[in-house]
Amino acid sequence: MREPETVRIAGTSVPVTRKRIRRVNLKVRADATIAVSAPYGYPLAKIQDFADEKSDWVEQRLARVATIRDREAGHWADGGSVSLLGTPLHVTHVTDAPTKRAQSVEREGEKLRIHLRADLEADERDAEARRLVEAWLKQQLAQILPDVFERLQDRCAIHCSGWRIRRMKTRWGSCNTKTRMITINAQLVEYPIECLESVVVHELCHLLEPSHNARFHRLLDAYYPRNREARRILNATPPRR
Ligand SMILES: [Zn+2]
């Protein structure tokens, strides 16, 4: 049998898949594996040249994919860590739930025990753990928010008509200036309280000033002086997908 063709990329050898295509194709998948495909008959040495030219790009993609995977996997996996208002909680999986409905999340100090069904495959278990942890975090946020809104609305003397919690992929909060309804990104519950508060004040300020102009920033700085610090933390770690 013929040895499979491979090229060296980012310190590993990657098999080359021959296809009915016109040019060499290189991609970094979300699971950090690299795929190379090339036209039938195209010289292996030239595929290697192509891979060498692309090596910086591949390294960048690998680093980005690794960051995303670390952030996602670390959370709800057994031995992982979930952050509640910036406090890390150590996650353990306990497979003692008799039914799906009996699965639950239990916090004890800095420990977070996830009670899961025993008959789940490893990947199903992580998916269930994610679902349970995200629901639990959302519950925590729902408990915290009424007090946060009450305090900050009084401080700013600005009142909204209501608020809701949503998972959002690109923004931390939003405000409908017509209905005066504020939407808060569910993931804010994982950051220090200053981050949540600064987003709430930011959206409240939009009820006085819809655009991000100088007046808006004066209002925000006056009502929440720590907003710049909070914004730096949020900008450094954008919402998970
Ligand atoms: Zn804004």
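1. Basis. The model is predicted: local features need pLDDT of at least 70, side-chain atom pairs count only at pLDDT 80 or more, and totals for chains, interfaces and linings use all residues. Residues are numbered from 1 along each chain as its sequence is written, and side-chain values use heavy atoms, with hydrogens and water left out.

2. Extent of H4. Helix H4 covers residues 193-206; helices (H or I, at least four residues) and strands (E, at least two) are DSSP runs numbered from the N terminus. H4 has 14 residues and spans 20 Å from its first C-alpha to its last, close to the 20 Å expected at 1.5 Å a residue. The expected span is 1.5 Å times one less than the number of residues.

3. Burial of H4. Twelve of the 14 residues of H4 are buried, so the helix is largely enclosed by the rest of the structure. Buried means under 20% relative accessible area, exposed over 50%, and partly exposed in between (1.4 Å probe, protein chains only). Among the buried residues are Cys-195, Glu-197, Ser-198, His-202, Glu-203 and His-206. The buried residues of H4 pack against helix H3 (122-156), strand E10 (173-176), strand E11 (181-185), H5 and helix H6 (227-236).

4. H4 against H5. Helix H5 takes in residues 214-223, and H4 packs on H5 at an angle of about 135 degrees, with the axes 10 Å apart. That makes H4 oblique to H5. Axes are lines fitted to C-alpha atoms, for helices over the stretch in contact, and angles run from 0 to 180 degrees between N-to-C directions. Angles under 35 degrees count as roughly parallel, over 145 as roughly antiparallel, 65 to 115 as roughly perpendicular, and the rest as oblique. The crossing of H4 and H5 is right-handed. A crossing is left-handed if the near helix is turned anticlockwise from the far one by less than a right angle, and right-handed if clockwise.

5. Residues between H4 and H5. From H4, Ser-198, Val-201, His-202, Cys-205 and His-206 meet Phe-216, Leu-219, Leu-220 and Tyr-223 of H5, contact meaning heavy atoms within 4.5 Å. The contact of H4 with H5 divides into six nonpolar residues, three polar and no charged. Ala, Val, Leu, Ile, Met, Phe, Trp, Tyr, Cys and Pro count as nonpolar, Asp, Glu, Lys and Arg as charged, and the others, Gly among them, as polar.

6. H4 against H6. H4 and H6 pack at about 110 degrees, with their axes 9 Å apart. That makes H4 roughly perpendicular to H6. The crossing of H4 and H6 is left-handed. Glu-194, Cys-195, Ser-198, Val-199 and His-202 in H4 meet Asn-227, Ala-230, Arg-231, Ile-233 and Leu-234 in H6. The residues of this contact divide into five nonpolar, three polar and two charged.

7. Leu-132. This residue lies in helix H3 and is buried, at a relative accessible area of 12%. Leaving aside neighbours within four places in sequence, Leu-132 is in contact with Gln-103, Val-105, Ile-114, His-115 and Leu-116. Leu-132 and Leu-116 are 16 residues apart in sequence and 9.3 Å apart in space, C-alpha to C-alpha.

8. Alanines with positive phi. Ala-10 has a phi near 50 degrees, a positive value in a residue other than glycine. Ala-10 is found in the loop between strand E1 (6-9) and strand E2 (12-19), and is partly exposed at 34% relative accessibility. Phi of Ala-157 is near 55 degrees, again positive. Ala-157 is found in the loop between H3 and strand E9 (162-166), and is exposed at 63% relative accessible area.
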